[in-house]
Amino acid sequence: MLQNLHVKNLALIRETEVNFGPGLNILTGETGAGKSILIGSIHLALGERVSKDMLRENADSALVELIFTVDEPGQIAALDALDIIPDDGQIIMTRKVSANGRSVCRINGETYPAAVLRKVAGLLIDIHGQQEHVSLLAKKNHLAYLDAYAKKRLGERPAALAESYRSYTECRRLLEEASLDGEQQKRELSFLEYEINEIDEAGLTAGEDEELETAYRRLSHGRKIMDAAAEARECCADGTENASDLIGRAARELFSVEEYDGNAKALAGQLSEIDSLLSDFNRDLAGYIDDFEFSGELFARTEERLDLINHLKSKYGRTIEDILASREEKAARVDKLNHYEEYRADLEAKCTAAENDLRKISQEVSDIRKSEAVTFTDGIKQALLDLNFNDVRLSLEFTQLDHYTANGTDDARFFISTNPGEPLKPLDSVASGGELSRIMLALKTVLAGNDDIETLIFDEIDSGISGRTAQMVAEKIKQTAASHQVICITHLPQIAAMADSHFLIEKTSDSDSTISSICLLSEDESIDELARMLGGTRITDSVRSTAEEMKNLASQLLAPASSM
């Protein structure tokens, strides 16, 4: 359940906090008061794309935080699969967005990518926006709705189906690539053997290139190295006033007075050690100079060898290890070409086996789908009858594709008839806007009863409906809220009257800024808001009395959802 929402510096919201309750949470307010901003903030916290325009004017950053209480075993197990453990039964999702567009996402204090937030969101909350009912018009979504309904029976089969399809398509790709005639085989074999011989003749050893590059740098800068070494020797040993002579003279001077002062003796001892170290250095430097020799022949061989290795790198890989690995791949391909008929026969057998596996799991998934489609459509049909569809028939018709997909071979489409005597027709060709919103509500309520998602958000799902239909939609939403937490933004007083918790979103302005705020209404304040929704700017005693009666009738419809 969504327990708390905290928003700071987002669009018209300076800072606000909402504590949602169980059952039906209703949000109302004037058009433009900021209801969509509130839903947008929830989307943002759940990992959706961020626009820097969403930040409040002159704000350095925006913050959205959601606190969920989690106690459903199914949700806990699904979160555990993502290595996310509720802290004292809570999941705290936080997203901070900076003015430069960067964002930081955290779950219970730990940083996660936005993609993980979206996965967690899919386990905890389902948001139905104003335009989502349009998705019913896309036939490709119909099978996805059925799979969502049947997910418990389907289990891991959809993932296994996708993996089986991947294996099958990879096998088919390899088989198509293996479609070479005899002449093509000879040409490829000849080229591969040339490349293998080229690598073998080089006689490469791992790490050889690094050693050669070190030697090449030394040889190519030999004169500069010798000039530097000679200058160092001149300064330390061979010059008219070299460091060795000067240190020796300084040491002798201090030793001559050591009997008069203990400090002078200590300093003389330090100089003596320096003189000894310098003598060792001079011997090492002399040996380095004597041993250093530049060989034009060695330099040429080193340069030639490096050129060969770099040439091979340009063809076969960035490192010697890559080149040797490429050689092994080519040798394996040569082996396949030398036994090409056996290789093709093995591939064909693997493809046959992969197709059989794919056909089997596709059929298993299809059988489950067709079985579940009956109860799925029956549930939607009953919900539609509850939503003032007086005579409705609904079916989910299956056709079989002539090819495999990662979703199997099923194609499905909703067909509906909303009037007596009319034949079933594709949903997208007959449903009006108001009908689509009710069909989507029916579908959502059926899905909600078949999964572990506890919180549903309906953003103005009442678009295009009024009168008796509005009352029946209100009753269906209230019924859904008996077993789920529902957060609903609405303009209809019939729905607002059903609230277990009623929130008002208001926009206030002064000379400097405009601010949206949200507050929980008391019983009397809720009746006043219902009266405003009924009567507009002019609220008479009669209008308020009607609002009070609506509230009383709603409270009698269903007991508050305290059992959640």
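1. **Before you start.** This is a predicted model, in which local features need pLDDT of at least 70 and side-chain atom pairs count only at pLDDT 80 or more, while totals for chains, interfaces and linings use all residues. Residues are numbered from 1 along each chain as its sequence is written, and side-chain values use heavy atoms, with hydrogens and water left out.

2. **The sheet of six strands.** An open sheet is built from 6 strands in the order E2-E1-E4-E5-E6-E7, with antiparallel pairing. Strands here are DSSP runs (E, at least two residues), helices are DSSP runs too (H or I, at least four residues), and both are numbered from the N terminus. Two strands count as paired if DSSP finds at least two bridges between them. At the edges are strand E2 (13-19) and strand E7 (110-112), each of which pairs on one side only. With direction ignored, neighbouring strands of this sheet are turned by 15 degrees against each other on average.

3. Strand E4 (residues 61-69) and strand E5 (residues 90-98) run antiparallel and are joined by 9 bridges. For a pair to look up, take Thr69, whose bridge partner in E5 is Gln90. In a regular strand the side chains alternate between the two faces of the sheet.

4. **A helix across the strands.** H3 lies across E4, E5, strand E6 (103-107) and E7, and runs at about 140 degrees to E5. Such angles run from 0 to 180 degrees between N-to-C directions, with axes fitted as lines to C-alpha atoms, for helices over the stretch in contact. Contact itself means heavy atoms within 4.5 Å.

5. **The sheet of three strands.** Another open sheet has 3 strands in the order E9-E10-E11, again with antiparallel pairing. Its edge strands are E9 (393-405) and E11 (425-426), and each pairs on one side only. E9 pairs with strand E10 (residues 408-417) in the antiparallel sense over 9 bridges. Gln400 stands opposite Asp410 in E10. Helix H4 (residues 140-149) packs on the sheet and touches E9 and E10, its direction making about 100 degrees with that of E10. Helix H14 (residues 340-386) also packs on the sheet and touches E9 and E10, but its direction makes about 165 degrees with that of E9.

6. **The hairpin.** How many residues lie between E9 and E10 in their hairpin? There are 2 residues between them. Arg393 has Ser417 in E10 as its bridge partner.

7. **The largest pocket.** The largest pocket holds about 680 Å³ of space. Its lining has 25 residues, and the closest to its centre are Gly122, Leu123, Ile125, Asp126 and Ile453. A pocket is an open set of points, on a 1 Å grid over the protein atoms alone, with protein on both sides within 12 Å along at least five of seven lines, and lining residues have an atom within 4 Å of a point. Grid points are joined across faces, edges and corners, and the volume is the space filled by probe spheres set on the points. Which helix gives the most to the lining? That is H3, with 4 residues. At least two lining residues each come from H2, helix H3 (114-124), strand E8 (125-128), H4, helix H5 (151-154) and helix H16 (433-448).

8. **Gln75.** Gln75 sits in helix H2 (residues 73-81). With a relative accessible area of 2%, Gln75 is buried. The cut-offs are under 20% relative accessible area for buried and over 50% for exposed, with partly exposed in between (1.4 Å probe, protein chains only). Not counting residues up to four places away in sequence, Gln75 touches Val70, Leu123, Leu124, Asp452, Ile453 and Glu454.

9. Is Lys330 buried or exposed? Lys330 is buried, at 15% relative accessible area, and its place is in helix H13 (residues 320-338). Leaving aside neighbours within four places in sequence, Lys330 is in contact with Leu192, Glu195, Ile196 and Tyr316. Lys444, found in helix H16, is buried with a relative accessible area of 8%. The C-alpha atoms of Lys444 and Ala383 are 9.9 Å apart, with the two residues 61 residues apart along the chain.

10. **Cysteines.** A search of the whole structure finds 0 disulfides (pairs of cysteine sulfur atoms within 2.5 Å). For Cys488, the nearest cysteine sulfur is that of Cys519, 18 Å away. Cys488 counts as buried at 1% relative accessibility, and Cys171 is buried at 9%.

Definitions and conventions: 1 Å grid on protein atoms, 1.4 Å probe; cavity = no way out; pocket = protein on both sides within 12 Å on 5 of 7 lines; lining within 4 Å.
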